[in-house]
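Here is a short briefing to read alongside the structure.

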Amino acid sequence: MDDHDDSRLRQQEQHLRATEEAVPSSSKKRWRLLAHTISKKRRTEGDDDLALSVCRRFLTFGLMQYGEMEAPTASSGIWKSVTFAPGHGDASFHAAVHLLSDEAVSVEDLVGFNNTGNVCIWPAEEVMAYYVGKHAKICAGRRVVELGAGMTGVAGLVAASVKAESVLLTDGNEKSVANLDLIVRHSKISNVSARLLRWDAPADLEGLEHSVDVILAADCLFFNEYRLPLLDTIVKLLSSNGEAYIFAPSRSGTFDKFADLAKLRDDLSIEIETDYDEVVSSGRDAAALLCASNGFDENLHYPKLIVLRRK
Ligand SMILES: C[S@@+](CC[C@H](N)C(=O)[O-])C[C@H]1O[C@@H](n2cnc3c(N)ncnc32)[C@H](O)[C@@H]1O
């Protein structure tokens with residue numbers, strides 16, 4: 001780690017500690033965990049997901065509504081009913097998701113094999129879920145796989161609700177997959193399943209090669225060591241007329257780095273869109289106006305869209 005990185009992390013740490021003062025006591029434990037994690041990281045690695053953890057204050061564009069529900073099982077997490085907020089999304093959508101609670105996320109979890117998917121539903125996933133619901137034709141009647149689905153795979157659940165032929169929710173984190181499995185078991189939707197799939201483990205693709213019509217992925221492009229394995233995974237999975245919808249924020253050039261890798265492939269066409277939906281763009285503009293209070297940072301929170309298609 002160079003001096004610049006160290007000073008950047010020191011600033012993040014200070015920012016986080018300052019922010020802790022401003023949050024309600026119920027959230028203080030989480031902030032302390034993150035501050036602790038950062039201190040530890042500053043001494044060791046200083047990688048990108050650190051910045052990600054710190055900057056997670058902005059969590060939603062308000063496209064989905066979270067309601068209370070009776071828990072179908074006893075668990076250490078929280079069951080929530082999720083719907084599109086009124087007026088958001090043409091398709092109706094309702095799903096029960098299980099969120100891992102504060103207590104379920106330990107410091108070890110935060111620094112272990114990428115645990116970013118167990119922290120929250122990231123804005124990119126929310127936007128992707130909304131987009132998939134609004135453009136039901138993309139997934140209807142098709143075989144869909146969500147990569148890096150995190151703990152809820154909510155966009156994949158929306159794909160199932162708009163009548164995908166099948167939906168497979170995947171992640172490389174075992175805890176995320178156990179949670180996805182819990183959600184699937186209680187969703188009572190027959191065409192959804194969950195499985196562990198690491199982009200850097202070719203054996204995990206067994207039985208899936210060239211069989212996927214639609215790949216969904218949200219906020220998965222910032223892992224420097226996994227961009228190429230992710231792209232290779234997408235190419236191996238896509239069927240002959242398959243397409244991948246990838247939503248991710250710029251995150252200091254990491255979106256562009258992935259796009260550059262994709263452009264090198266002569267078997268893929270690539271489309272990049274920044275303003276792909278009026279509602280999402282105006283949500284971004286409104287969030288930007290309030291950034292001093294809501295922590296919104298377009299670089300970290302506004303997902304751009306890459307569509308990859310097999311040529
Ligand atoms: C920022 S989270 C996004 C989770 C979810 N899509 C969302 O936006 O809420 C990134 C996800 O990528 C997964 N991931 C990271 N590296 C991976 C790899 N090599 N193989 C599979 N999944 C990976 C993490 O486990 C995590 O769930």
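**Briefing: loops, sheet, core and ligand shell**

Ser 252 counts as partly exposed because it has 13 C-beta neighbours inside 10 Å, a number that lies between the limit of 12 or fewer for exposed and 20 or more for buried. Please keep in mind that this is a predicted model. The chain holds twelve helices and ten strands, and buried residues account for 41% of its 311 residues.

**Two loop residues with positive phi**

- Ser 252 is found in the loop between S8 and helix H9 (254–263).
- Although Ser 252 is not a glycine, its phi is positive, at about 50°.
- His 210 is another residue other than glycine with a positive phi, in this case near 55°.
- The loop that holds His 210 runs between S6 and S7.
- His 210 counts as partly exposed, because 13 C-beta neighbours lie inside 10 Å of it.

**The sheet**

- An open sheet is built from seven strands, and its order reads S6-S5-S4-S7-S8-S10-S9.
- The pairing in this sheet is mixed.
- At the edges are strand S6 (192–196) and strand S9 (268–273), each of which pairs on one side only.
- From one strand to the next, the twist averages 20°.

**Strand pairs to look at**

- Strand S4 (residues 143–147) and strand S5 (residues 166–171) run parallel and are joined by four bridges.
- Val 145 has Leu 168 in S5 as its bridge partner.
- S8 pairs with S10 in the antiparallel sense, over six bridges.
- Opposite Glu 243 you will find Arg 309, which belongs to S10.
- S10 also pairs with S9, in the antiparallel sense and over six bridges.
- The bridge partner of Glu 271 is Val 307 in S10.

**A helix across the sheet**

- Helix H8 (residues 227–237) lies across S4, strand S7 (212–218), strand S8 (238–248), S9 and strand S10 (304–310).
- Relative to S8, helix H8 runs at about 145°.

**The nonpolar core**

- There are 73 residues in the largest nonpolar core.
- Met 128, Val 132, Ala 159, Ile 215 and Leu 216 have the most contacts inside this core.
- Helix H5 (residues 123–134) gives the most to the core, with seven residues.
- Once its neighbours within four places in sequence are left aside, Met 128 is in contact with Ala 155, Leu 216, Ala 218, Tyr 245 and Phe 247.
- Looking at the chain as a whole, take the contacts between residues at least 6 apart in sequence: 70% of them join residues at least 24 apart.

**Around the ligand**

- How many residues surround the ligand? There are 22 of them, and the closest are Gly 117, Glu 125, Gly 148, Gly 150 and Gly 172.
- By type, the residues of this shell divide into nine nonpolar, eight polar and five charged.

Notes
Residues numbered from 1 in each chain as written. Predicted model: local features only at pLDDT ≥ 70, side-chain atom pairs only at ≥ 80, totals over all residues. Core = buried A, V, L, I, M, F, W, Y, C linked by C-beta atoms within 7 Å. Contact = placed C-beta atoms within 7 Å. Pairing = 2+ DSSP bridges. Axes fitted to C-alpha atoms, helices over the stretch in contact; angles between N-to-C directions. Near = placed C-beta within 6 Å. Nonpolar A, V, L, I, M, F, W, Y, C, P; charged D, E, K, R; others polar.
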